[in-house]
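Trainee: Could you take one part of this model and walk me through it closely? I would like to hear about a single helix, and then how the rest of the protein looks around it.

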Amino acid sequence: MTYTTEEFGALFEESLKTKKIETGSLVKGKIVKVSRDYVFVDIGFKSEGQIPIHEFKNMDGEVVVTEGDPVDVVFESVENAEGLVELSKEKADALHAWDELEVAERENRDVEGVVISKIKGGMVVNVGGVRAFLPGSQIDLKPVKSLDRLLGKKFNFKILKLNKQKSNVVLSRRAILEKEREAAKTELLKNIKEGQVVEGHVKNVTDYGAFIDLGGVDGLLHITDMTWGRIAHPSEVVSVGQQIKVVVLKFDENSHKVSLGLKQLLQDPWEKVLEKFPVGTRVQGRVVNVTDYGAFIEIEEGFEGLVHISEMTWSKKVKHPSKIVSVGDRVTAMVLSVDVENRRISLGMKQIEPNPWDSLAEKYPIGQKVKGVAKNITDFGVFVGIEEDIDGLVHISDFSWNQKFKHPNDLYKKGDEIEAVILNIDKENERISLGIKQLPEDLWQVINKKFEIDNQVKGKVAAIDSKGFTIDLGDPVDAFIPMNQFDGDAPKVGDEIDMQVIQIDEKERKIILSVRALSKFNQKKAFADFKSKQSEVKATFSDIMKPKNE
């Protein structure tokens, strides 16, 4: 509180008239001397009062005192051991401060104070000479890791609780910060727009991104918008507390959600991808991810290409990419295609090596005999290994010309050595067809020459069904008598019968026989023989009856 010279003179004269001053009362005095350690004050007593110099320091630690200045002090005792009156400016300031605190609380005004020490549960703040308590939960918007950095700092506070009789004051700095944050948030939401570059600090880092405090509003910087390249975790790019510039990608006015981008502040490397990586270019890179369908290769920061499992090796036997590459491996590949719109690069590793199928037809001409091991037995045939990673298929129909069996494993087992003949090489579909029955001379050609239409044959009944009789002719060939080609009593299995060849089915490789046809043939032959004999008898009779003179 400041007085004019006239006012202070009147007050000082009045104090001189007062012979008795009660201990603890507020009195007015005048500074008469300032030394290095003390300030001497005249309050109208026979001796001066002495006050330590530190009580005259302001919140910034500066001594603000001049000889002749009026000053309010609290009277503590008449004389000390040195014969000086004991006074206190701090207590006088505190009395004034309490009055100001009560007004500030009543009018809901902020107060200014200096953090002076740490105590259990919080900190002590000097507010105009009054020691106030600042709880730990009210220091900041979030927990403060180091309280030491706040010591000696001046801040504004809000009064949460005040009790003058108990000398109890509770303050909050958090309430001030929340108020400031809300004001900043309102201003930010009023002006924010998509495409705007804003600045903030990293508030939190998660597995999927980072939350950026823009000043009252948190925005999400997703991991995919941090860099044009691939990263395993957002912490590779940002850290908590870091100041950062970002661009607003999307702002929802209703939910106030803000999506941010960092990589968008840099030039999009995909704009010149076709110049950097034309189709057919050989590139080297690092495997950054392996999936069930292929591997992603980082060929340069910001550029990744996919090597599909089908483009890893010429072999068809690889079941999973992890059998060929692992994360961190350095590989060489070829650019197969570039999709700028969808930001995709297709790579191939097998194209670095010659295609073994290119020379396979020259190496194995049709009809050449080969040997290999049975790699796999299926319902439809056997896969035989011809070379490393190259198998040929012997289809079940190419096992034998006439041998009967239910399943390929009735004849072959995995690991058996098999000899076969090259029947066909399909380079486009990477398939080789093999044949086993083609190894020896085609038995059917031999049998076909042996049996002709109308030939009479003899054989045994091998089987009987509703359609007819299967006949064993002693050759590896199917022979059959349809039910309508049999006359007389039906034979039994094992009976030997005579038949006639009536049809040779080359497509089905079957010989069709007939007992009925043989019977008719025999009848015709018997009748022809009879007629022939009758002609011979007539000729003989004519000779007998012919005159002798003829």
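Mentor: Gladly! The protein has seven helices and 30 strands, where helices (H or I, at least four residues) and strands (E, at least two) are DSSP runs numbered from the N terminus. This is a predicted model, in which local features need pLDDT of at least 70 and side-chain atom pairs count only at pLDDT 80 or more, while totals for chains, interfaces and linings use all residues. Residues are numbered from 1 along each chain as its sequence is written, and side-chain values use heavy atoms, with hydrogens and water left out.

Let us look at helix H3, which covers residues 174-191. From its first C-alpha to its last, this 18-residue helix reaches 25 Å, close to the 26 Å expected at 1.5 Å a residue; the expected span is 1.5 Å times one less than the number of residues. Which residues of H3 are buried? They are Ile-176, Leu-177, Leu-188 and Leu-189. Here buried means under 20% relative accessible area, exposed over 50%, and partly exposed in between, with a 1.4 Å probe and protein chains only. The cover over these buried residues includes strands E9 (154-163), E10 (168-172) and E14 (243-251), with contact taken as heavy atoms within 4.5 Å.

Now for the protein around the helix. Of its 550 residues, 37% are buried. Among contacts between residues at least 6 apart in sequence, 57% join residues at least 24 apart. The protein exposes about 33300 Å², and carbon and sulfur atoms supply 49% of that area; accessible areas come from the Shrake-Rupley method with a 1.4 Å probe, and for residues only the protein chains shown count as cover.

Asn-108 is not a glycine, yet has a positive phi of about 55 degrees. Asn-108 sits in the loop between helix H2 (89-106) and strand E6 (111-119), and is exposed at 53% relative accessible area. Asp-454, also not a glycine, has a positive phi of about 80 degrees. The loop holding Asp-454 runs between helix H6 (443-450) and strand E26 (456-464), and Asp-454 is partly exposed at 48% relative accessibility.
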